[in-house]
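Here are my notes on the model, as numbered points. Have a look at it first, then read on.

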Amino acid sequence: MSVKSLWEYANPKKFIQTTDRVLPWIAVLAVVSLVVGLIWGFFFTPDDFRQGSTVKIIYLHVPSALMAINAWLMMLVTSLIWIVRRHHVSALAARAAAPVGAVMTVIALATGAIWGQPMWGTWWAWDPRLTSFLILFLFYLGYIALWEAIENDDTAADLTSILCLVGSVFALLSRYAVNFWNQGLHQGASLSLDKEENVADVFWYPLLVCIAGFVLLFIALVFLRTQTEIRARRTRALLARERMG
Amino acid sequence: MGLNVSDLTIARGGIKVLEGVSFTLHAGSAIVLRGPNGIGKTTLLRTVAGLQPPIDGRVEADPDSLVYSGHADGIKATLTVSENLTFWAQVFGEADISNAIKAFQLERLASRPAGALSAGQKRRLGLARLLVTGRPIWVLDEPTVSLDVEAVGMFANAVRAHLARGGAALIATHIDLGLPEAEVLDAGQFRARAAALDDFDEAFL
Amino acid sequence: MIALLTRDLRLAMRAGGGFGLGLAFFLIVVTLVPFGVGPQSELLARIAAGILWLGALLSCLLSLDRIFALDWEDGSLDLLATAPLPMEAIVTIKALAHWLTTGLPLILAAPLFALLLSLPEAGYKPLILSLFLGTPALSVIGTFGAALTVGLKRGGLLLSLLVLPLYVPTLIFGAEMARRGVEGLDFTTPLLMLAGITCGTIALLPFASAAVLKVNLR
């Protein structure tokens, strides 16, 4: 088999064939790493000396927060590909990723609230990070609503991808504006490449496994949903063809 | 000056409606586009006017030579007839609206708010707009809807005068305009065949 | 371009709704706030700047769907698109007309409404200045939202959902500037940020609005 261009997978049929082959593996891997990571994290790590056992929600909170942002980044990239190269699969992948990203945002917000209650004594505070995530959630809602509202698929793809570009710029602006507006309670980044600032190793390894699990879960869901979108799109095309006679 | 359409394929709502559309419109001539409802006449005219991109093929014309008139006339009900016309004249960089008023006999209506006009009078105002644009190629979609016989005559005269000045017109219509010199183009001959079903690609068919 | 601007202004004057409605809505918001939070003037003084900013933002939102909807319905937009004006110029003019008919009256009425909410004297100048700098951005961003939803039958609610998150940075810096002014603090930083956002949106967003409008006209 010769080396293939990435763009070959932009063909809907080719995309479905390929993802059909890899989807079971990714799904199994996602489940395994989530189970391993969560059990390891919940039962085989010590309690934090200050936070007690509440710290263990980190294994859901941090990965979902990461994926909430990464999903938007993925939508930004696929929207750009649609605008530049007009591959339908790319636009449909962006559409497929949006609800997953929105749910990740909700998980991050909910676990954050549950964690915040014992730590800060409040379910919600207008802390910059929390506020930014709430705004991100609003962006997801608007994006999804625009997709749903437009009947013509190509028009919807064009409009939502431009909204995604503009929205990204404004989301970034909001992030800085919110930081300026209120200095918060939230701790700094839990993860960084600089090892000194990281959480301790005992928490770090199971956390990495959980993050891998969330990434794989995200990929599996996006593949599955993109397949669904492609098939729905084809069904509409076939129906329209029939009407035309 | 002229309009050359070659091998054009157009779609409506993602479905191909017409393919292989080719014709040439020369200065001083008119083409009347015919065909049953839903065949894609409006889509073709909008593509020619540059409002939507074709799937395939080319439209060759100076974009600053075309003026499009669709089902709606773009008339503001709260502005008077002459204010409406003056606005469009200014947008197209012209100043004189008296010719247009005269050609469609709008003198007595000139200071009336456009909202108070009847449907046929509004249509006359919409057609008078073509004259104030000063553009040579008219692309008209059903220009005679709601016009009475007399007004259709006014319209035919306006088109004839326009052609005599070296203009051109592409007109989609169902009725006889009284323009025997116009060439007739049947859109039905370009009807797109349904795509083969064996494989599906970017177009999902 | 000037013809388009004068036409839009004339239409707004004749149809009535343009000037009056947004302003009346602003007044109602300002009137309702004391009913909601209580009439103590110390409390009102503290939140006045924020309420005025929110009120201005909401009244601005109210008239957004009129920017393109009427021109869309009567076919003017199709005709304008084939006219010798670039689409970017059309959306810019539309945004300017919207600001002149909505934003400007709000700025002019703001001192009067600030009086109702017992805004401290030191707050007037920064409040007016912040509205003056911020409302153009509201109009330009709103024009983008209106262009996105122009073809939709019930676009009004969707328009709010799309536009409000985009308003966040403008609102934060605008209200922050007014608030710091009330407290007698230095408001240079939010002023510069607000001016920067407004300049940036005016410079860049018309291209996105024009692209979106062209897609919707297909």
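1. Which hand does the crossing have where α4(A) passes α8(C)? It is a left-handed crossing, that is, the near helix is turned anticlockwise from the far one by less than a right angle, with clockwise counting as right-handed. Helices here are DSSP runs of H or I with at least four residues, strands are E runs of at least two, and both are numbered from the N terminus.

2. Some housekeeping. This is a predicted model, in which local features need pLDDT of at least 70 and side-chain atom pairs count only at pLDDT 80 or more, while totals for chains, interfaces and linings use all residues. Residues are numbered from 1 along each chain as its sequence is written, and chains are lettered from A and ligands numbered from 1 in the order in which they are written.

3. Back to that helix pair. Helix α4 of chain A (residues 128–149) packs on helix α8 of chain C (residues 155–182) at about 150°, with axes 9 Å apart; axes are lines fitted to C-alpha atoms over the stretch in contact, and angles run from 0 to 180 degrees between N-to-C directions. The two are therefore roughly antiparallel (over 145 degrees; under 35 is roughly parallel, 65 to 115 roughly perpendicular, the rest oblique). Among the residues that meet are L138(A), F139(A) and L146(A) from α4(A), and L158(C), L161(C) and P165(C) from α8(C).

4. Zooming out, 19 residues of chain C are in contact with 21 of chain A (contact: C-beta atoms, placed from the backbone, within 7 Å). On the chain C side, α7 (124–148), α8 and α9 (188–217) each give two or more residues. The largest share, 10 residues, comes from α8(C).

5. Within chain C, helix α6 (residues 87–116) and α7(C) also pack at about 150°, with axes 8 Å apart. That makes α6(C) roughly antiparallel to α7(C), but their crossing is right-handed.

6. Chain B has 5 helices and 8 strands, in the order β-β-β-α-β-β-α-α-α-β-α-β-β. Its C-alpha trace spans about 65 × 35 × 30 Å along the principal axes. Of the contacts in chain B with a separation of 6 or more, 76% join residues 24 or more positions apart.

7. Leaving aside neighbours within four places in sequence, V139(B) is in contact with L45(B), V48(B), A49(B), L66(B), V67(B), Y68(B) and L170(B).

Note on methods:
Contact = placed C-beta atoms within 7 Å.
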